[in-house]
Amino acid sequence: MITGASSGIGRGLALEIAARGGHLGLLARREDLLEKIVDEAKKRNVKAVFATADVRDANAVREAANHFRKKLGPIDILIANAGIGTADHAVSLTPEHAATVIGINVLGAVNSVAAVLPEMVERKRGRLVAMSSLAAYRGLAKSAAYCASKAALTAYFESLRIDLRHTGVGVTIIHPGFIKTDLTAGRHAKMPYLMELDDGVRKIVSAIEKEKKIYAFPWQLATIVRSSMLMPAAMYDWIAERNSFRE
Ligand SMILES: NC(=O)c1ccc[n+]([C@@H]2O[C@H](COP(=O)([O-])OP(=O)(O)OC[C@H]3O[C@@H](n4cnc5c(N)ncnc54)[C@H](OP(=O)(O)O)[C@@H]3O)[C@@H](O)[C@H]2O)c1
């Protein structure tokens, strides 16, 4: 089950997993795009079904998961990928905007987990995958809501990972850097180590296959970001102000 499957990373993951023989339950809001992906997946001789839902609607997500189960059988892997990326400067950031970002990026994933976890625990097998971001590690300029949402998502899934030890259900948290999708299209600020979608998708599928607990990439940017966690705040602020990834 992949949320946010209609475009970008979600679409790429769907097609890569189909090429490897996996059956697909695809969730997003844009029906026309989902229909096309289902058609493309079926050409690869796998079963694929879609459901339209807003991840903020817990009941709709549960119904979508039930639909996938009915058509395809139990859900082995959830990829909680649906998300939005927005620019927001502290001075213009509204509570409504922050609530939307956190509602989709965090609570959407929470709803998705709730729709699949009881069955996974009962079957003693399954994997929850969170599409977090390198933006989860430290606050970035003009990205308060987005960074907060990804930090929350990572912490949520990390806690789940500990609670689910010895249940047969694993957790993989993905922290991508910049990947060419609609989310990054049209941005003029620098995006170091910007990746082609196919390269990013292959790395993510490989990390899921290897059942990694955390996977941060590309390694160059992941190393820089992780090193920044050791910097004192004054030094970090000086560097982060001069290295905004948002115009
Ligand atoms: N691209 C990057 O550089 C990058 C880096 C790090 C992390 N990420 C994360 O990767 C994930 C996918 O992003 P992307 O780059 O592939 O962007 P994208 O092409 O814009 O895809 C976003 C997906 O999320 C879905 N979505 C958005 N709001 C939704 C909602 N309320 N309910 C259901 N689905 C919703 C969209 O589908 P509908 O509009 O059809 O609903 C779409 O399929 C996001 O969580 C993003 O934060 C991306």
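Reply: In this predicted model, an oxygen atom of the ligand lies 2.8 Å from an N or O atom in the side chain of Arg30.

Me: Which backbone atoms have an oxygen atom of the ligand at 2.8 Å or 3.5 Å?

Reply: A polar backbone atom of Asn81 is 2.8 Å from a ligand oxygen, and one of Gly8 is 3.5 Å from a ligand oxygen. The protein covers 95% of the 880 Å² of accessible area that the ligand has on its own.

Me: Which residues are closest to the ligand?

Reply: Of the 31 residues that surround the ligand, the closest are Ile9, Arg29, Tyr146, Ile179 and Thr181.

Me: How do you know that the length of helix H2 agrees with its number of residues?

Reply: Helix H2 runs over residues 31-43, which is 13 residues.

Me: Why are the buried residues of H2 said to line one face?

Reply: The residues in question are Leu34, Ile37, Val38 and Ala41. Seen down the axis of H2, they fall within an arc of 105 degrees, and therefore line one face of the helix. An α-helix has 3.6 residues a turn, so residues three or four places apart point the same way.

Me: What do the buried residues of H2 pack against?

Reply: They pack against helix H1 (8-19), strand E2 (24-28) and strand E3 (48-52).

Note on methods: Residues are numbered from 1 along each chain as its sequence is written. This is a predicted model: local features need pLDDT of at least 70, side-chain atom pairs count only at pLDDT 80 or more; totals for chains, interfaces and linings use all residues. Side-chain values use heavy atoms; hydrogens and water are left out. Helices (H or I, at least four residues) and strands (E, at least two) are DSSP runs, numbered from the N terminus. The expected span of a helix is 1.5 Å times one less than its number of residues. Buried means under 20% relative accessible area, exposed over 50%, partly exposed in between (1.4 Å probe, protein chains only). The arc is that of the directions from the helix axis to the C-beta atoms. Contact means heavy atoms within 4.5 Å. A residue is near a molecule or strand if one of its heavy atoms lies within 4 Å of it. A polar contact is a pair of N or O atoms within 3.5 Å; within protein, one must be able to donate a hydrogen and the other to accept it, and residues adjacent in sequence count only if both atoms are side-chain atoms. Accessible areas come from the Shrake-Rupley method with a 1.4 Å probe; for residues, only the protein chains shown count as cover.
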